[in-house]
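Please read it with the structure open.

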Amino acid sequence: KMFLVFTPEGTRSYNSKWKTGFYYVSLKANVPIYIGYMDYEKKIGGFHSKFKPSGDIDNDIEYIKSILKQYKGRYPENGIN
């Protein structure tokens, strides 16, 4: 299997506005998005779940963000917006 990994922020530093390229690649290729996470506080990371985009990008992005809110980054004050 082959995986492409995208950071929705489009950078390694904090950015509150997610880039949407990963979403459109998944939608066009008809492949799922695997929601990965890293929890800095607990020193764990992995894959949370598999998600098939519906085509409603706003709702889908909010759903993904709602999953990721349970994990804490190195700078939790930045949070998921």
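Predicted model: local features only at pLDDT ≥ 70, side-chain atom pairs only at ≥ 80, totals over all residues.

The points below go from the overall layout to single residues.

1. Layout. The chain has two helices and two strands. Read from the N terminus, the order of elements is α-β-β-α. The chain has 81 residues, and 23% of them count as buried. Take the contacts in the chain with a separation of 6 or more: 43% of these come from residues 24 or more positions apart.

2. Helix against helix. How do helix 1 and helix 2 cross? Helix 1 covers residues 21-29 and helix 2 covers residues 57-68. Their axes come within 12 Å and cross at roughly 115°. Helix 1 is therefore roughly perpendicular to helix 2, since angles of 65 to 115 degrees count as such. The crossing of helix 1 past helix 2 is right-handed.

3. The helix contact. Which residues of helix 1 and helix 2 meet? Helix 1 brings F22, Y23 and Y24. Helix 2 brings I57, D60, I61 and I64. Sorted by class, this contact has six nonpolar residues, one charged residue and no polar ones.

4. The strands. Strand 1 spans residues 33-39, and strand 2 spans residues 44-51. The two run antiparallel and are joined by seven bridges. For a reference point on the pairing, look at Y34, which stands opposite K50 in strand 2.

5. The turn. Strand 1 and strand 2 form a hairpin with four residues between the strands. In this hairpin, K43 takes a positive phi near 60°.

6. K72. Where does K72 sit in the chain? It lies in the segment after helix 2. Is K72 buried, partly exposed or exposed? Its relative accessibility is 39%, so K72 counts as partly exposed. The range for that class lies between 20% and 50%.

7. K72 and its partners. In sequence, K72 and E41 are 31 residues apart. In space, their C-alpha atoms are 6.2 Å apart. Neighbours within four places in sequence aside, K72 is in contact with M38, D39, Y40 and E41. Of these, M38 and D39 fall within strand 1, residues 33-39.

Key: Residues numbered from 1 in each chain as written. Heavy atoms only, no water. Axes fitted to C-alpha atoms, helices over the stretch in contact; angles between N-to-C directions. Parallel < 35°, antiparallel > 145°, perpendicular 65-115°, else oblique. Left-handed = near helix turned anticlockwise from the far one by under 90°. Contact = heavy atoms within 4.5 Å. Nonpolar A, V, L, I, M, F, W, Y, C, P; charged D, E, K, R; others polar. Pairing = 2+ DSSP bridges. Buried < 20%, exposed > 50% of the residue type's maximum accessible area, 1.4 Å probe, protein only.
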